[in-house]
Amino acid sequence: MTDPLDTFPRVPLAHLPTPLDEPAWLRALFTPDAPRLFIKRDDCTGLAFGGNKTRKLEYLVGEAQAAGADTLVTTGALQSNHARQTAAAAAAAGMACTLVLFDIVPGRGEAYRASGNLLLDQVLGADIRIAPADAPRRETLESVVAELEAEGRQPFFIPTGGSTAIGALGYARAYRELVGQLDALGIQATRLVHASSSGGTQAGLIAGHALLGAGPRVEGVNVYRRDHESMAAEIGALAAETASLIGAGETAPVVLHRAVGPGYGEPMESMVAALTLAARRGGLLLDPVYSGKAFAGLLAMIQAGEIGTDETIVFLHTGGAPGLFAYPDLFAAL
Ligand SMILES: *Cc1c(COP(=O)(O)O)cnc(C)c1O
């Protein structure tokens with residue numbers, strides 16, 4: 001029987017499998033009574049500093065090439081990790097890349113506009129267009145695509161975060177990889193916790209769970225939207241669409257915790273505390289926008305006793321550390 005995850009074109013871009021660690025420093029934070037805690041290191045996918053978008057891009061670049069495209073076009077915030085990984089994927093696949101970045105995060109300093117992911121986008125040779133926060137999304141993107149077409153290019157548009165059903169297949173595959181690692185260790189994990197924003201990661205993991213019919217419950221941490229309920233509904237719809245692509249059964253309900261703080265990309269105290277804790281106890285770099293907030297959410301759940309001490313949790317580290325260079329103000333005085 002053919003593997004349903006191999007029936008869609010996929011261009012290898014990531015270093016796989018990523019490590020599954022059980023850090024002693026993490027357990028030591030809570031002894032004697034704590035759940036067992038693992039970290040799945042998708043910050044180590046390898047491509048241009050890695051991160052979760054690389055797994056989605058393996059399928060998205062496959063789709064783009066099958067469609068005869070020569071240019072990847074995508075969008076995000078100025079410090080989008082997805083934009084940086086897309087610029088790198090395009091380069092690795094011999095394609096051009098145009099990034100349309102919206103200046104949506106308020107109150108950020110100069111480094112936010114010069115360093116971090118934006119600097120890497122430049123190094124990677126992307127054609128970068130910066131649009132103000134109030135620019136109309138659809139019209140702005142459509143006009144860039146039309147302009148590239150008028151130049152004789154074959155653009156392929158990838159929506160925010162690469163969160164289409166095809167992109168999400170990368171995380172159905174990741175879920176299977178993780179369950180294989182857990183099985184090899186003889187461990188049954190109860191929950192898989194990760195930062196969730198555009199939803200493709202969570203949708204893909206849920207589809208992977210449906211495909212296997214086994215494995216930990218997928219629990220996203222919303223670091224993105226005020227409108228929590230509609231975000232969960234959209235992730236549920238994308239999970240069902242992804243599962244149907246691979247002939248998986250019914251998908252589980254979406255579990256989504258909140259740790260967005262004041263807003264997307266806007267710092268909060270618990271994020272800084274969780275991020276510096278991981279850095280200083282474990283030498284582990286999280287990021288200020290996604291994994292730092294999600295880790296803060298996980299620590300809060302453990303501290304509040306919402307996670308049983310008999311459970312085994314996997315935290316999916318989705319990457320993003322290049323974003324640290326855009327937030328020097330948060331750490332200068334610490
Ligand atoms: C994009 C991103 C996420 C969220 O993934 P989605 O699939 O968009 O929900 C989490 N962490 C990091 C570091 C990211 O760049």
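## Contacts of the ligand

The model described here is predicted. In it, a polar atom in the side chain of N81 lies 3.0 Å from an oxygen atom of the ligand. The side chain of N52 likewise has an N or O atom 3.0 Å from a ligand oxygen. The backbone also takes part: a polar backbone atom of G199 is 2.9 Å from an oxygen atom of the ligand. On its own, the ligand has 380 Å² of accessible area, and the protein covers 99% of this.

## The surrounding shell

There are 17 residues around the ligand, and those that come nearest are K53, K56, S198, T201 and T318. Sorted by class, the shell contains 12 polar residues, three charged residues and two nonpolar residues.

Three elements each supply at least two residues of this shell: the helices α2 (53–66) and α7 (200–212), and the strand β7 (191–196). The space that the ligand takes is the largest cavity.

## The six-stranded sheet

Strand β7 also belongs to an open sheet of six strands, whose order is β1-β2-β10-β7-β8-β9. The pairing in this sheet is mixed. In general, the strands of a sheet pair through backbone hydrogen bonds, in either a parallel or an antiparallel manner.

D21 has I39 of β2 as its bridge partner.

## Backbone details

Most peptide bonds are trans, and most residues other than glycine have a negative phi. Two places in the model may be read against this background.

The peptide bond that joins L16 and P17 is cis, with an omega of about -5°. P17 is located in the segment before β1. A48, a residue other than glycine, has a positive phi, near 45°. The loop that holds A48 lies between β2 and α2; α2 is one of the elements that supply at least two residues of the ligand shell.

Technical notes: Residues are numbered from 1 along each chain as its sequence is written. This is a predicted model: local features need pLDDT of at least 70, side-chain atom pairs count only at pLDDT 80 or more; totals for chains, interfaces and linings use all residues. Side-chain values use heavy atoms; hydrogens and water are left out. A residue is near a molecule or strand if one of its heavy atoms lies within 4 Å of it. A polar contact is a pair of N or O atoms within 3.5 Å; within protein, one must be able to donate a hydrogen and the other to accept it, and residues adjacent in sequence count only if both atoms are side-chain atoms. Accessible areas come from the Shrake-Rupley method with a 1.4 Å probe; for residues, only the protein chains shown count as cover. On a 1 Å grid over the protein atoms alone, a cavity is a set of points where a 1.4 Å probe fits but cannot get out, and a pocket is an open set with protein on both sides within 12 Å along at least five of seven lines; lining residues have an atom within 4 Å of a point. A molecule sits in a cavity or pocket if more than half of its atoms lie within 2 Å of its grid points. Helices (H or I, at least four residues) and strands (E, at least two) are DSSP runs, numbered from the N terminus. Ala, Val, Leu, Ile, Met, Phe, Trp, Tyr, Cys and Pro count as nonpolar, Asp, Glu, Lys and Arg as charged, and the others, Gly among them, as polar. Two strands pair if DSSP finds at least two bridges between them.
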